[in-house]
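This briefing covers one protein chain, from its overall make-up down to single residues. Please have the sequence and the structure open while reading.

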Amino acid sequence: LHDPTATEEHRSGLTERARKIRAIIFTDYPEKTPQLPNLETRVLPLALMDVHGEMTVCGNRVAFFSYESDMIALEIHSPAIAGTCRAALELAWKTAGELTKKVP
């Protein structure tokens with residue numbers, strides 16, 4: 001799990017913006033989850049899903065990251081693709097909310 005608050009520059013960039021950030025984080029170390037005033041998280045254990053990447057949507061951009069061995073990143077600029085990914089993430093957010101109620 002990459003901690004976006006690990007560097008001061010990134011941390012200040014995230015907190016200075018008025019943008020609300022939501023993240024579904026799969027980790028066995030929930031105590032290491034970043035704490036920012038504009039960050040809302042749903043933390044789930046790796047036993048539910050073994051995730052080695054990330055999908056981020058911001059405006060009309062979608063970024064995909066793979067954290068296996070060599071890091072791979074792909075950025076797509078498309079309103080249609082961003083909208084589709086945003087809808088998928090919204091569904092995942094709602095599902096993660098239900099799962100957090102059931103997971104100890």
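Of the 104 residues in the protein, 17% are buried. The model is a predicted one. Its secondary structure consists of two helices and five strands, and the order from the N terminus is α-β-β-β-β-β-α.

**Surface and contacts**
- The protein has an accessible surface of about 7500 Å², and carbon and sulfur atoms account for 57% of that area.
- Of the contacts between residues at least 6 apart in sequence, 31% link residues at least 24 apart.

**Helix 2**
- Helix 2 covers residues 79–102, which is 24 residues.
- From first to last C-alpha, helix 2 spans 35 Å, close to the 34 Å expected at 1.5 Å a residue.
- Ala-82, Cys-85, Trp-93, Ala-96 and Gly-97 are the buried residues of helix 2.
- The cover over these buried residues includes strand 1, strand 2, strand 3 and strand 4 (61–66).

**Nonpolar surface patch**
- A nonpolar patch on the surface is formed by Leu-48, Met-49, Val-51 and Leu-99, with about 310 Å² of accessible area together.
- Val-51, one of these patch residues, sits in the loop between strand 2 and strand 3 (53–58).
- Val-51 counts as partly exposed because its relative accessibility is 33%, which falls between the 20% and 50% cut-offs.

**Loop between strands 1 and 2**
- Pro-30 belongs to the loop that runs between strand 1 (21–26) and strand 2 (39–44).
- With a relative accessible area of 44%, Pro-30 is partly exposed.
- Pro-30 and Arg-42 are twelve residues apart in sequence, and their C-alpha atoms are 9.7 Å apart in space.

Conventions: Residues are numbered from 1 along each chain as its sequence is written. This is a predicted model: local features need pLDDT of at least 70, side-chain atom pairs count only at pLDDT 80 or more; totals for chains, interfaces and linings use all residues. Side-chain values use heavy atoms; hydrogens and water are left out. Helices (H or I, at least four residues) and strands (E, at least two) are DSSP runs, numbered from the N terminus. Buried means under 20% relative accessible area, exposed over 50%, partly exposed in between (1.4 Å probe, protein chains only). Patches are made of residues with over 30% relative accessible area and no salt bridge: like charges are joined within 9 Å, nonpolar side chains (Val, Leu, Ile, Met, Phe, Trp, Tyr) within 5 Å. Accessible areas come from the Shrake-Rupley method with a 1.4 Å probe; for residues, only the protein chains shown count as cover. A salt bridge is a side-chain nitrogen of Lys or Arg within 4 Å of a carboxyl oxygen of Asp or Glu. The expected span of a helix is 1.5 Å times one less than its number of residues. Contact means heavy atoms within 4.5 Å.
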